[in-house]
Amino acid sequence: MHALINKALQSYITACHGFDVWQTVALRARVPSDPLDIMLQMRPGQTLDILQAMTDVLGQDRSVMLEDLGTFLAAHPDCENLRRLLRFGGQNFMDFLLSLPDMPARVRLAVPDMPMPRLRISQKPRPVSMQAHLELICSTCVPGWAHVLLGLVRAMADDYGALALLDLVHADHDHHVISIKVIEAGFATPRQFHLRKPNSTAQAAQ
Amino acid sequence: MIDPKVLDCFAPLHVQTDHQGLITHIGPALKRLLGDQTVLGQPILSLVKIDRPHQISHYLDLEALHGARLHISMPLLADFTLTGVFAKGQSGDVLNLSFGPELVQAVDQLSLSAQDFAATDLALELLYLIEANSAITSFSNALMGRIQEARKKAEDLAQKDPLTGLHNRRSFDARLARALDNDHSFALLHIDLDYFKQVNDTLGHQAGDYVLCHVADTLTRFSRTDDCAARLGGDEFAVIYHNMPSPEQALQIYARILAKIRAPLKFEGQDCSISASAGLIFVTPQTDWRADDLIAAVDRALYAAKDHGRSALAMCDQGGANGIRLYSGQELAEFQT
């Protein structure tokens, strides 16, 4: 697995559970606990070892933790960079949802060797009570990706100010389906997004 | 004229003109950028200045550039530079604009939003890529910083005496060789502590270490960052003073160091005062020393000082002859200014 994924797990545990917990997890998973060394050292199976250690130490279901990781990646202040990159996906929540199948290609623009699932989105007939009903199909999947996506898309709905219900409605080995019911796309004020980072002007001027 | 709604959708930054070059329509993004400034009915060459491939003053010349890549500046937008392409049509002409390589500056200065770009414009992917790239770069910069730090630490470990933080013998040898290669005069001081063995034997290693650190502190305090204060082993120290103007100045410095070293010192309430003997040699660029000979000479001087009684210093003659001049502790004290 890609070192950036291990880095994401480290950042998540450190930010949401504390550095002590991360040190315990790292020790158990036999990975370096240093936030930068984790990027340098890679052996096969490291990511699964970290996940197993997380399950043991935190006593939570793997799927719950991965969903939480997805939320962390999209919503935590430490991951503002990532949130911004996600917001490039669309001007509103519907645009964003419809751009999700482009996400793997976008990720590869920045990190060419990142393993990504194949994503498809399909519109379902919707009852009058909702503005849209979509299904996100996640296949040839690295295990766990669908749970991360679930948390991530849910957090992005908040970011866009949309009221949406998300559920994992189908899960087998390499085929996961997330149902996305958009109740109201303009439910709350979206968080701000400008094409350029607020503080990048100074850097550009240099 | 081409249906403005069609072009507005494909090219939010376009300008339509009639065949005389008078503006008949501008795209929505351009309209937003120009704000209140109305340009309809004006000659297009008053809105845009063509800089390349060549400057143009007549509309007919612009028509000749059909399909070419144009470099344009816009007086109404603080001379912002854009890339453009002009096409001559049957019912009217169109100039389409894009930000080209100035995209990032344009987004900053003109506060562009996603609506200012056509849905198929790659500008957004480019901005995305720039941002993703800078995130990754900051990661790798942090990694580089870490590697640099680790290298520095390893270098320090290889060069420093772990107890006192002074240079070790290996580092001292390297610096002495460098000083000899350089074209400046320097002083080499070699110190051996007096009464150190007694302190170590009666009060223990901890007291001994305390004394060694006290001496190291003193040597560091009386040297500049470029100088090299080293612990050569046991209770033996050496300092290279670069760009030393005269032997007298070196004596003055050592007199002050000796005063500090001889000052009463206590470790856990016990007296652990010591003193020091020293050899000093002043090296000018004119003399041709080999490092080994230099060390042997200053060593001989140190032993001559030891023989002379505690707290003395022996200075080798300049030029490296065997002559040695001895100073007692009392004489040295007079050099303090």
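The model is a predicted one, in which local features need pLDDT of at least 70 and side-chain atom pairs count only at pLDDT 80 or more, while totals for chains, interfaces and linings use all residues. Residues are numbered from 1 along each chain as its sequence is written, chains are lettered from A and ligands numbered from 1 in the order in which they are written, and side-chain values use heavy atoms, with hydrogens and water left out.

Within the sheet, strand β2 (residues 132-139) of chain A may be taken next. Eight of its eight residues are buried, so β2(A) is largely enclosed by the rest of the structure; buried here means under 20% relative accessible area, exposed means over 50%, and partly exposed lies in between (1.4 Å probe, protein chains only). In a regular strand the side chains alternate between the two faces of the sheet. Both faces of β2(A) are covered, with A:Ala132, A:Leu134, A:Leu136 and A:Cys138 buried on one side and A:His133, A:Glu135, A:Ile137 and A:Ser139 buried on the other.

The pairing of β2(A) can be followed to two strands. With strand β1 (residues 118-123) of chain A it pairs in the antiparallel sense over six bridges, and in this pairing A:Cys138 is the bridge partner of A:Leu119, while A:Arg120 stands opposite A:Ile137. With strand β4 (residues 175-184) of chain A, β2(A) is joined by eight bridges, again antiparallel, and here A:Ile137 stands opposite A:Val177.

Strand β4 of chain A also holds A:Ile183, which counts as partly exposed because its relative accessibility is 27%. Leaving aside neighbours within four places in sequence, A:Ile183 is in contact (heavy atoms within 4.5 Å) with A:Ser129, A:Met130, A:Gln131, A:Leu163, A:Ala164 and A:Leu165. The C-alpha atom of A:Ile183 is separated by 36 Å from that of A:Thr47, and these two residues are 136 residues apart along the chain.

Where chain B meets chain A, 22 residues of chain B are in contact with 23 residues of chain A. The two chains bury about 2,200 Å² between them, 69% of it on carbon and sulfur atoms; buried area is the accessible area (1.4 Å probe) that two parts lose on being put together, summed over both. Between chain B and chain A there are four salt bridges, a salt bridge being a side-chain nitrogen of Lys or Arg within 4 Å of a carboxyl oxygen of Asp or Glu. In one salt bridge, the side chains of B:Glu125 and A:Arg106 meet at 3.0 Å, N to O. On the side of chain B that touches chain A, the elements giving two or more residues are α5 (103-109) and α6 (123-159) of chain B, and α6(B) gives the most, with 14 residues.

Elsewhere in chain B, strand β7 (residues 186-194) is mostly covered, since nine of its nine residues are buried. Both faces of β7(B) are covered, and the buried residues include B:Phe186 on one side and B:Ile191 on the other. Seven bridges join β7(B) to strand β9 (residues 236-242) of chain B in the antiparallel sense, with B:Phe237 in β9(B) as the bridge partner of B:Ile191. Nine bridges join β7(B) to strand β12 (residues 275-283) of chain B, also antiparallel, and there the bridge partner of B:Phe186 is B:Val283.

Definitions and conventions
Helix = DSSP H or I, 4+ residues; strand = E, 2+ residues; numbered from the N terminus. Pairing = 2+ DSSP bridges.
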